[in-house]
Each structure stands twice: as C-alpha cells, then as structure tokens.
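Subject: Structure for you to look at

Hello,

Here is the structure I said I would pass on. Please open it first, then read the notes under it.

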Amino acid sequence: MTIPADRNAEPTASRTAVVSRTGPKRSESIRLAVLNAADDLLVERGFNGVTIEGIAARAGVAKQTVYRWWKSKVDILLDTLADDARDALAWPGGEGDAEEELEAQLRRIAGFFQEPAGQVLRALLGHAQTDPDTALALREGFLREQREQDLVGLRAVLERHTGRPVAEQTVDTLLSVLLGPLYYQALVLGDPPTPELLDATARHVLDLALISP
C-alpha cells in the first residue's frame, strides 16, 4: 500500500473533517483520517498524550465512530504501523550483489525508525514493556508478520550469496544478528546507526552465512 501523501504532512488542525459514516468508500476515508490523526498526535505529544478523544477531534469524527472500529488507542496505532510499514519495510527481492542489497535494506530499516511510523513502533515497543496486552498484540500481530517477511527476504539474499540452501534455524539466527544493532541504536541509544555500523553488520551476517549449515 502506498502511504497517502497526507500521512507524512505537517500536523495541522485544519484537516478536512470527515463526517459521513456510511458506504465503503466513506468508511475508508474515515479510517485513514483516524490513522492520520493518531500519527500526528503521537509525533506532537508522545504516547501518553494520545487519547481517543483527541484522535476523534483531530480526525473530525465522533468518538463513538472511533470506538466502533477500535477498542483503544493501541489498536489504532497498530493499524497505523501496519499500513505504514507494509511498503517501507518490504524487501526488494533483487538479483544483484547480495552485500549491496543487504546494506540497502538495513538503510531502509534504519530510515524507517526515524520516520513518524518508526516513532509509532518505538512508542508501542516501549509501552509493551509494562502492558502485557500491548506486548501480546504487538508480538502476535505486526512483529510476527514482519519477522516472517524478513525471514523470506533474508533467506533469498543468503542463498544467493552462498549459492546453496541455508538452514531455517541459521536464517532465524542471522536475522536476529542483522536487526539487533538497529533496535539497540533506536531503543537504547536513541540515535540512528552510522553507515559504518550498517555495512559492518551486513558483512558480518554474510560471512556467518558462509560458515553456517
């Protein structure tokens, strides 16, 4: 899905209000308005500053309309994350140099963490540390689906690099090696990884693949 242009626009209180609640096209317009509003408020106010009331007001819809589709702000943010990450974190599936492709993918992921959608992910990961329901929803939904996609993408790169099939457990382990530094930088240090770190991580994973089953 291509992210609508206004998902990345500067937050503004003058978004066009969405008041119609019937028909499939209008329902989709309301859904996007609510997701846009949740994105904006998270960037402006942080996780604790986001409320259903605030989202409804920013989106120009009734609070009851929001509750009709989502039971909490976490559910809204999870939908926002899934929409934004679908294309942003996809693997290109190229046929070129494996190291270049892996380095490029790490740069895409690192860039994602700096975008509003990445801020949503960081906020949900932080909240999940103290809220078991959020942790379960995040792990059983977005994180599991994204890891499955990452496993497919990394497997293709590793098999092209090694010229042979790579064991499932090896791919699973190397994916953690690949992504661990990015999450550490984003969630612990709060800084984007340097290009040198990204390139070294890619080379390390490829080297490990050559000596692994």
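The side chains of R31 and E28 form a salt bridge, with 3.1 Å from N to O. A salt bridge here is a side-chain nitrogen of Lys or Arg within 4 Å of a carboxyl oxygen of Asp or Glu. R31 and E28 are 3 residues apart in helix 1 (residues 24-45), so about one helical turn separates them. An α-helix has 3.6 residues a turn, so residues three or four places apart point the same way. R31 counts as buried at 18% relative accessibility, while E28 counts as partly exposed at 33%. The cut-offs for these words are under 20% relative accessible area for buried, over 50% for exposed, and partly exposed in between (1.4 Å probe, protein chains only). E28 and R31 also belong to a network of salt bridges that links them with D83 and R86.

Before going on, some notes on how to read this. This is a predicted model, in which local features need pLDDT of at least 70 and side-chain atom pairs count only at pLDDT 80 or more, while totals for chains, interfaces and linings use all residues. Residues are numbered from 1 along each chain as its sequence is written, and side-chain values use heavy atoms, with hydrogens and water left out.

The overall picture

The protein has 9 helices and 0 strands. Helices (H or I, at least four residues) and strands (E, at least two) are DSSP runs, numbered from the N terminus. Of the 213 residues, 42% count as buried. The protein exposes about 10900 Å², and carbon and sulfur atoms supply 54% of that area. Accessible areas come from the Shrake-Rupley method with a 1.4 Å probe, and for residues only the protein chains shown count as cover. Contact means heavy atoms within 4.5 Å. Among contacts between residues at least 6 apart in sequence, 66% join residues at least 24 apart.

How many salt bridges does a search of the whole structure find? The search finds 11. One of them joins the side chains of D199 and R107, at 2.8 Å from N to O. This pair links distant parts of the chain, since D199 is in helix 9 (residues 195-211) and R107 is in helix 5, 92 residues apart. D199 counts as buried, with 17% relative accessibility, and R107 counts as partly exposed, with 35%. If neighbours within four places in sequence are left aside, D199 is in contact with E103 and R107.

Another salt bridge is made by the side chains of R147 and D172, at 3.4 Å from N to O. This pair, too, links distant parts of the chain: R147 is in helix 7 and D172 in helix 8, 25 residues apart. R147 is partly exposed, with a relative accessible area of 28%, and D172 is partly exposed as well, at 27%.

The largest pocket

The largest pocket holds about 300 Å³ of space. It has 15 lining residues, and the closest to its centre are L143, R147, D150, L179 and Y183. Which elements give two or more residues to the lining? They are helix 5 (98-114), helix 6 (116-128), helix 7 (132-162) and helix 8. Helix 7 gives the most, with 5 residues. A pocket is an open set of points on a 1 Å grid over the protein atoms alone, where a 1.4 Å probe fits, with protein on both sides within 12 Å along at least five of seven lines; lining residues have an atom within 4 Å of a point. The volume is the space filled by probe spheres set on the points, which are joined across faces, edges and corners.

Helix 2 (residues 52-59) is largely enclosed by the rest of the structure, because 6 of its 8 residues are buried. Those buried residues are I52, G54, I55, A56, R58 and A59. Just after helix 2, G60 takes a positive phi of about 75°.

On the surface, Y184, L187, V188 and L189 form a nonpolar patch with about 380 Å² of accessible area together. Patches are made of residues with over 30% relative accessible area and no salt bridge, with like charges joined within 9 Å and nonpolar side chains (Val, Leu, Ile, Met, Phe, Trp, Tyr) within 5 Å. L189 is in helix 8 (residues 168-189) and is partly exposed, with a relative accessible area of 44%.

Regards
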